[in-house]
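Here's a quick briefing on one structure. Have a look at the fold, then come back for the notes.

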Amino acid sequence: MRLSIALCASVVTAASVPAIESREDGIPLAEFGQVNSVSPEEAAAGVDIGFTLSQRGAQEGYPLSTFGEVHHVEPQEAKEHKDLGGNNFSVLPIFGPGHESNLDSWLDKMDHGHGHHHGLEEIEDRLRHKAGEAITKVEDVLDHFLDIRDASELEPRDTGDCPNPAVRIEWDDYSNSDRLAFVNAIKCLTTRPASGRVSFSRNRYEDLVRIHQSYAPNIHSRSTSQQTHKFLLWHRYFVWAFEQMLRDECGFNRAMPWWDEKKWAGRFHEATIFRPEYFGSLPGPTNGRGTCIPDGPFRNLQSNLGPGQTVNNPHCVQRAVNEGVTSQTGVNSYNTCLARSSYPDFHSCVEFTYHAQGHNGVGATMADAIASPGDPAFFMHHLYIDYTFRKWQLGALSRRNTISGCATNDGCQPLTLDTMIYMGGICGSKCRDTPVRDVLRTKQGLFCYMYSY
Ligand SMILES: [Cu+2]
């Protein structure tokens, strides 16, 4: 037994830990820094790392600038493709200049001496194993070969092993008892102990916040010209993981709702999700600072995480609605993005238009790209984002079985069907790290859900 453990340990070490130069002298203590601490007396008095919990936690919001802002572009800019770095998407290395003609000549070569079907196999093979070789608008090519145009004919092909998908119902069609069950289950997560799998989290809900905080640099684009196209994929998996936690740990036994956010553009504060009995009212700023959630089940909800990468920082989850910003989340942005044909173009449009404006419009905690899941409204917003992703995917089969774009935002490693999406085991064995190909389908394999319309 002892031997096998030792062997196991050495294998793990050899495989995953790079060799370190050995060093016999100690490292100066200053290099380690110091873990923040308070004396037992201070802790008993509610003082934590330099401020009083009762002061800052319960009452006072932060100056709004503390939260930063999610990158965004105006709807008109998106229409003109200005979310693509002001030029167009070909500025990114994966689609080098002239990629259109490269694609054509490559396809000509594929067709030379072969039938179309052989060409298709080659394309699929190439997509699976060598994606990123200057291929774009793949969906158009595949659809040409497959001769499939009608989205309604495509739907059954996505069904595989999911005969009874969970139907995500729009919030206003969701019954009052369903709404309350959903909100109560979220509240329940905030009262359950942290899993211990992630550091700094004080409860099960904060596990979600912390996972998002940890992965944030790899799942959001750094800027409009340094993008990672994992964003839509990762957040699809994230909201699904959230649903599993509600089910498995807080007795939620229905399908999640989704939120048709675009119909509330310019008047988020009137949106039915923001009624006091559900997610709580959506207040404006207070003296230029965020305002703690004033009512409802999440009244004065506290978070230990954020703003940004900050941890061990008890404060209230805050909002500061700006309807000028929410007015940009409407049907115009939706239509602009849904009209784009390539995955990276669609992705880029969503991330920087209504995704960003939904965050910034709710404001404060939600405007913080790193720790925004601290506000439960995050999940309603991202359910809308996933709804629009799914809607777009229904436009062509290839949008569900091919991928393109960048996996990383620092040099654009190509995003392929084999690129892994990491979820840190947030919902246990159900939340294994999984390749992109599994996350593209919502009615096959890992997921089994659809949207009500
Ligand atoms: Cu995010």
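In what order do the three strands of the open sheet run? The order is S4-S3-S11, and the pairing is parallel. Keep in mind that this is a predicted model: local features need pLDDT of at least 70, side-chain atom pairs count only at pLDDT 80 or more, and totals for chains, interfaces and linings use all residues. Residues are numbered from 1 along each chain as its sequence is written.

**The sheet**
- Helices (H or I, at least four residues) and strands (E, at least two) are DSSP runs, numbered from the N terminus.
- Strand S4 (257-258) and strand S11 (449-451) are the edge strands, each pairing on one side only; to pair, two strands need at least two DSSP bridges between them.
- Strand S3 (residues 166-170) runs parallel to S4, and two bridges join them.
- Glutamate 170 has tryptophan 258 in S4 as its bridge partner.

**Helix H11**
- H11 (residues 231-250) has 20 residues and should span 28 Å at 1.5 Å a residue, which agrees with the 27 Å between its end C-alpha atoms; the expected span is 1.5 Å times one less than the number of residues.
- H11 is mostly covered, with 16 of its 20 residues buried (20 or more other C-beta atoms within 10 Å of a residue's own; exposed is 12 or fewer, partly exposed in between; C-beta atoms are placed from the backbone).
- After H11 comes glycine 251, with a positive phi near 65°.

**Arginine 340**
- Arginine 340 sits in the loop between helix H13 (331-338) and helix H14 (343-362).
- Arginine 340 counts as partly exposed because it has 19 C-beta neighbours inside 10 Å.
- Lysine 79 is 261 residues from arginine 340 in sequence, yet 9.8 Å away in space, C-alpha to C-alpha.
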